[in-house]
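Here are my notes on this model. Please read them with the structure open.

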Amino acid sequence: MRSPVLLVIAHGSRDPRHAATVHALVRRVRAMRPGLRVETGFLDFNIPSVQGVLENLAAEGVRDVVALPLLLTRAFHAKADIPAVLRDAPPQLRIRQAEVLGPSPLLLAALERRLYEAGLSPADKSSTGVVLASAGSTDPEAIAVIADIAREWWHTGWCAVRPAFASASLPRTEDAVRELRALGCERVAVAPYVLAPGFLPDRIARGAARADILADVLGPAPEVARVLLRRYDEASVPVRAVVGA
């Protein structure tokens with residue numbers, strides 16, 4: 001029996017760095033699971049569209065698909081946009097929507113990887129305050145998840161960890177940086193909890209101007225690829241038809 005096709009669903013952006021980063025992550029996933037067919041579709045701005053990929057798969061005779069939202073929290077896109085697109089898929093496809101990537105200990109490991117790549121070392125943890133900077137959301141569940149992640153991460157040994165948001169919610173990155181300075185942390189680092197560059201990550205970077213360290217976005221970190229494959233495995237065993245059956 002063939003494994004379901006993995007369809008990675010990304011938001012899309014006018015910023016070309018976004019799609020390039022998504023494709024780099026998908027390449028890493030393919031390298032980790034050579035026998036798995038992995039396709040990429042975008043909700044907006046970029047091609048191929050999710051609908052276009054689904055139509056092509058159906059035309060090829062594919063029947064089973066796991067649609068995986070390339071999202072870190074379960075907010076509007078995961079709850080509304082993506083299910084709406086999947087409901088319009090060709091009826092012969094059996095599609096199961098996987099869970100979003102976060103939260104996951106592997107994502108915390110990826111955040112630390114990015115901070116260490118930016119110049120920190122494990123010996124710096126106890127004297128470093130970290131801003132966990134996410135894109136932001138109007139969904140209270142998503143905001144609560146970010147706050148929970150910040151508390152969990154703090155318990156691993158950082159001086160302090162504060163959540164911040166680039167849009168929709170407060171505090172902003174620059175406010176969290178000031179708070180950590182006031183707490184007396186020897187240094188302040190900003191860890192973007194975002195997958196790819198774009199407008200909101202650039203806003204996070206501007207808010208990090210007074211921080212000592214700004215980490216890169218998560219991007220194609222190996223830990224992110226592992227989470228992606230884990231979500232695929234969770235959704236595909238057993239495969240149950242939830243859309244178009």
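1. Start with contacts, meaning heavy atoms within 4.5 Å. Take those in the protein chain between residues at least 6 apart in sequence: 78% join residues at least 24 apart.

2. A word on the source. This is a predicted model, where local features need pLDDT of at least 70, side-chain atom pairs count only at pLDDT 80 or more, and totals for chains, interfaces and linings use all residues. Residues are numbered from 1 along each chain as its sequence is written, and side-chain values use heavy atoms, with hydrogens and water left out.

3. The protein chain has eight helices and eight strands. These are DSSP runs numbered from the N terminus (helices: H or I, at least four residues; strands: E, at least two).

4. Of the 245 residues in the protein chain, 53% are buried. Buried means under 20% relative accessible area, exposed over 50%, and partly exposed in between (1.4 Å probe, protein chains only).

5. The C-alpha atoms fill a box of roughly 60 × 30 × 30 Å, taken along the principal axes.

6. Now look at helix H7, residues 199–207. Which of its residues are buried? They are Pro201, Ile204 and Gly207. These residues lie on the same side of H7, because they cover an arc of only 115° around the axis. The arc is that of the directions from the helix axis to the C-beta atoms.

7. What do the buried residues of H7 pack against? Their partners are strand S5 (128–134), helix H6 (173–183) and strand S7 (187–192). On the face turned away from the buried side, H7 carries the exposed residues Phe199 and Arg206.
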